Amino acid sequence: MIKLLKIEYQKIAPYKTFWVLFGLYLAVLGVVIFGTQSFINEFFVDVRKNSPIPIPTVSLYNFPDVWQNITYLGGYFKIFLAVLIVILVSNEFSFRTIRQNIINGMSKSEFLKSKLLFIFTISLASTLFLFISGIILGLTHTTYVSFSKVFNNTYFLFVYLLELFSFLSFAMLVGFLVKKSGFAIGILLFYSYIIERILWYKIPEEVSQYFPIRMIGKLIDVPNTALMKIFGINFRNFVNFTDLAIVVSYTILFVFLTYLLLKKRDI
Amino acid sequence: MKETILSINQLSKNYGRIRAVDNLSLDIEKGNVYGILGPNGSGKTTTIGIVLGVINADSGSFKWLGNELTNKERKHIGSIIETPLFYPYLTAISNLRIVADIKGIGYESIEKVLKTVDLFERKNDRFKTYSLGMKQRLALAAAMIGNPEMMILDEPTNGLDPQGIAETRNLIKRIASDGTTILLASHLLDEVQKVCSHVAVLNHGKTMFSGDVDEVLTDTLTIEIASDNLEELQKSLTDFSNLHSITKEGDKLVVRVKGKTNCGELNNFLFGKGIVLSHLSAKKKSLESYFLELLSEKND
């Protein structure tokens, strides 16, 4: 396993495109996570002045709410990583290095395993980034810090990890299926943001709520802020076990389909 | 009997309506340099792709040392298929490290193989900055990593200049003389003749000929002759300087003569000995002329 991860690392270590995109991803993620609270509060400054009822200032960074808040926000940016994965997978096809890897003695399942390990590592890196950000933000914004307060809702981080891993497995499948990076990125974006969304409206809710991108996206629901409570909107502030089970099943399906593709096709 | 390394049994592969490999059978013995000779599109690369497990055959089977193909076998085979395949943004060294890691061997041999193919000076340059010839040489270096028991080389001199071609052929011979079994696919008759000990000629995915290179590819002409006294005729022929071999076939002698000897010279020689032939005909074409015809057919 370490060996496969080492091979993956050798492949990307000097690959500038990867590091630039990954750096950009972390930068954007950082700006959004650290900036959203003041953005919302600035936005409401004028509204607040004219409002007959007092609108409280939003606080996103209190322990333990910070975990759901930042993992929810982070979920929007997983598409960056998905694009990266698509590029890395389709590169193997356009350079035809997948062929040489296998000729040199890597089995097809080892090849798949190495990509999965890589996806897991990159998901873990993003989760760690959120963990560190959450700790920093929480400590600087929470008045009374206690151990249980800090770690109470950290399970959102694990759910976030699953959300990323599942979506990136989907991206990997698209990469293996389409093989051409531009085309694959197009299909990934088109399916995730357009096709499935159209289907949500066309197909009855009872069915369409189980569509993969939707399921993955709603693992972590919109956080309840004081602001939203004013409008009487109440979202889930917990993670549904059924949702988790379905997303895990989707992930297994994505990986299995990728495996079938690898097995059946000429490389 | 020599050990059979690779045994191919009635392999077939279609690409849509094109039959790329057609019921192909071939045995490769340890320690030999095998040539697969055939014009472009004759099924050489497809066959190699199948035995290395990157192309799925439609029917037929193959065995490596009597076993199904596994990674373990592949790790002991150094292979080049068609074109050099590397990560363009990685240096030669990094690319070869990946190869070594996949094969599960140390990095010690990397510098040595780079020196062998004369790329040591450029080892820290990215693959994409290499010329076609250098890429081809790097592929050869990659195939040599870890002293494999067998090397599969598909058109290894593609894109090389004449000097590079000569060097590569010498290198292949040198590797072979160390006991490495080599399977060389080429569309160049001259290359197979110079490098290989055995050859299989492929066309439209079928084996047309196979056997010892000396047997099938020597530059000879086959002439059928007969006279009243075959024994006397045979005895006289032994003095003929350009003789390759004589075989008796019924009431005729099949004579193979070397080089540019033609029927007239043979007749003249025998006439000088006082023998009058009752039959003289240049028999079926040599493999070489057959192969050249095959190639020109393609080019038309």
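In α2 of chain A, the buried residues are A:Phe18, A:Phe22, A:Tyr25, A:Leu29, A:Gly30, A:Ile33, A:Thr36, A:Gln37 and A:Asn41. Buried means under 20% relative accessible area, exposed over 50%, and partly exposed in between (1.4 Å probe, protein chains only).

This is a predicted model: local features need pLDDT of at least 70, side-chain atom pairs count only at pLDDT 80 or more, and totals for chains, interfaces and linings use all residues. Residues are numbered from 1 along each chain as its sequence is written, chains are lettered from A and ligands numbered from 1 in the order in which they are written, and side-chain values use heavy atoms, leaving out hydrogens and water.

Helices (H or I, at least four residues) are DSSP runs, numbered from the N terminus.

| Helix | Residues |
|---|---|
| α2(A) | 16-43 |
| α8(A) | 147-151 |

Helix α2(A) has 28 residues and reaches 37 Å from first C-alpha to last. That is close to the expected 40 Å, which is 1.5 Å times one less than the number of residues. A kink of about 50° is centred on A:Gly35. The bend is the angle between axes fitted to the seven residues ending at a residue and the seven starting there.

The buried residues of α2(A) pack against α1, α3, α4, α5, α7 and α9 of chain A. Contact means heavy atoms within 4.5 Å.

A:Val150 sits in α8. This residue is buried, at 7% relative accessible area. Beyond four places in sequence, A:Val150 touches A:Phe63, A:Trp67, A:Ile135 and A:Val145.

Note on methods
Helix = DSSP H or I, 4+ residues; strand = E, 2+ residues; numbered from the N terminus.
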